[in-house]
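Here are my notes for you to read alongside the structure. Keep the model open and look up each residue as you go.

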Amino acid sequence: MSVRRVMGIETEYGISVPGQPGANPMVLSGDVVTTYAASRGIRPAQASWDYADEAPLRDARGFDMGRGVAHPSQLTDVEDPTMANVVLTNGARLYVDHAHPEYSSPEVTTPRDAVVWDKAGELVMREAVQRLATVPPGVNLYKNNTDGKGASYGTHENYLMSRRTPFARIIAQLTPFFVVRQVMCGSGRVGIGVDSRTTGYQIAQRSDFFEAEVGLETTLKRPIINTRDEPHAVADLYRRLHVILGDANHCDVANLVKMGSTSLVLAMIEDDAFTQDLGVRAPVKTLQAVSHDPTLRSTIELTDGRSIRPVELLRTFHELAAAYVDDKWGSDVDESTVEVLGWWDRVLTALEGDPMDARRWVDWVAKLSVLEGYRERDSLGWGDPRLKAVDIQWSDVRADRGLANRMAATDRVEVLVPEAEAAAAMDAAPEDTRAWFRGACLRKFPDSVVAASWDSVVVEVPGERSLQRIPILEPLRGTKDAVGDLVDGASDIRSLLESLAAADRGSD
């Protein structure tokens, strides 16, 4: 394995209406989804989500949580007909998740593509805001993870892994990495504690909201390692690692390093390649302590008794990953892995010296540089509400209002993915995963697609009494190379089904 694997990012966006703090966020979120879908000619009832194969209460530790004891927020397999929920032609899902509009990117195979289609989601939300602005008072959206008043909403990552990998090994070897990973990819936050009651600045937006080391929950008693066992793929072969503790990133480099370094660590776990125990004592407490120290000078305690700085532990992970890659591939290593290792090293080198040297690459450092400018100019303490307003404005999706967007536009942060490339990905699906087939069906046969999910497309065939489900359980099938000619050559949905059936017979 390398950094290449099937992966994706889900982001819930903060939402508000100017001057109306009591506005209903679920209604507003529905407006966001339906407004954008309508702009692309998609009717929610036409390309809705298929819940047939969802299993949110299945636990990777070998049991199912009972529905009677599950929190309602965990029952994501129950369709709420009042909530907007559509599939886009780029293979993504756009829907209302509780009180937030959520963009779930299509499946990709490289960290750079994860950044591309995540940025496409930002542009989707920006367009929705622009369209809703014509109906005063409009809606504002924020790519962040907390409102600063006690509420947190997620940016989740998904990584396809081998089912053969013991989950206990994943827990043991991934936990310490997650505890310190925030140093490279935290988004920064004004305020300490879930409700920001203590003044100050911290590295990550999500860390204060975690209470457990391992668990199935995602909104209550949040765990560092989430155990949801819902692969959306061939269950005997794969598991989908659902990562819930990451922050939403605006900086391309931080987003790339987040996805790429995690994928490499997972590859090492799958190959049982770790040569030393890097376990951290009191992971939840340490996760929060690391976030609370933007100087990066405090130490953390490992289970073997050593005390080291978080960035030193990250350097150890990087050195082990680089040695693993060199031993496994040598000079044949792929470009995606080289890119990730290179940026990972550059970011760590900057953070090992003066953390502010990483301000072009790392969200929390870039945001801190802006906040310190305001603090110095106006002699502001960390408890000043103006700094909290700047924090929120940082994540505004509008090009002219969002501070992160303005910094990217003026070359104050590194841009790896030009906006034009992300804009193209708003409509075009990745060509090397099943997302291509999902998007192609919606584009070519919009009136025939009734519903879709990650692992199937449900279509209506004229003259047939029942709907037809096209399974795509293998994430690397349904690519443009594999079925592009079949889709292009089909005159209608019936002829596509016949062509797919003939192709399957020919491969037997």
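1. Strands β1 (7-12) and β10 (155-162) each supply at least two residues of the lining of the largest cavity, with β1 giving the largest share, four residues. Helices (H or I, at least four residues) and strands (E, at least two) are DSSP runs, numbered from the N terminus. This is a predicted model, where local features need pLDDT of at least 70 and side-chain atom pairs count only at pLDDT 80 or more, while totals for chains, interfaces and linings use all residues. Residues are numbered from 1 along each chain as its sequence is written, and side-chain values use heavy atoms, leaving out hydrogens and water.

2. The volume of the largest cavity is about 210 Å³. On a 1 Å grid over the protein atoms alone, a cavity is a set of points where a 1.4 Å probe fits but cannot get out, and a pocket is an open set with protein on both sides within 12 Å along at least five of seven lines; lining residues have an atom within 4 Å of a point. Grid points are joined across faces, edges and corners, and a volume is the space filled by probe spheres set on the points. Among the 19 lining residues, Met 7, Glu 107, Asn 158, Arg 240 and Trp 454 lie nearest the centre of the largest cavity.

3. Now try the second largest cavity, which holds about 90 Å³ of space. It is lined by 13 residues, and Phe 178, Arg 181, Gln 182, Leu 245 and Gly 246 are the closest to its centre. Helix α3 (residues 167-185) contributes the largest share of this lining, four residues.

4. The second largest pocket has a volume of about 720 Å³. Of its 28 lining residues, Ile 15, Ser 16, Asp 147, Lys 149 and Ile 392 are the closest to the centre. At least two lining residues come from each of β2 (14-16), α1 (25-39), β11 (189-192) and α9 (385-394).

5. Which residues touch the most other members of the largest nonpolar core? They are Leu 174, Trp 344 and Leu 351, out of 117 residues. Such a core is a set of buried (under 20% relative accessible area, 1.4 Å probe, protein chains only) Ala, Val, Leu, Ile, Met, Phe, Trp, Tyr and Cys residues joined through side-chain atoms within 4.5 Å. A second, separate core of 20 residues includes Leu 442, Phe 445, Ala 452 and Leu 496.

How values were computed
Buried < 20%, exposed > 50% of the residue type's maximum accessible area, 1.4 Å probe, protein only.
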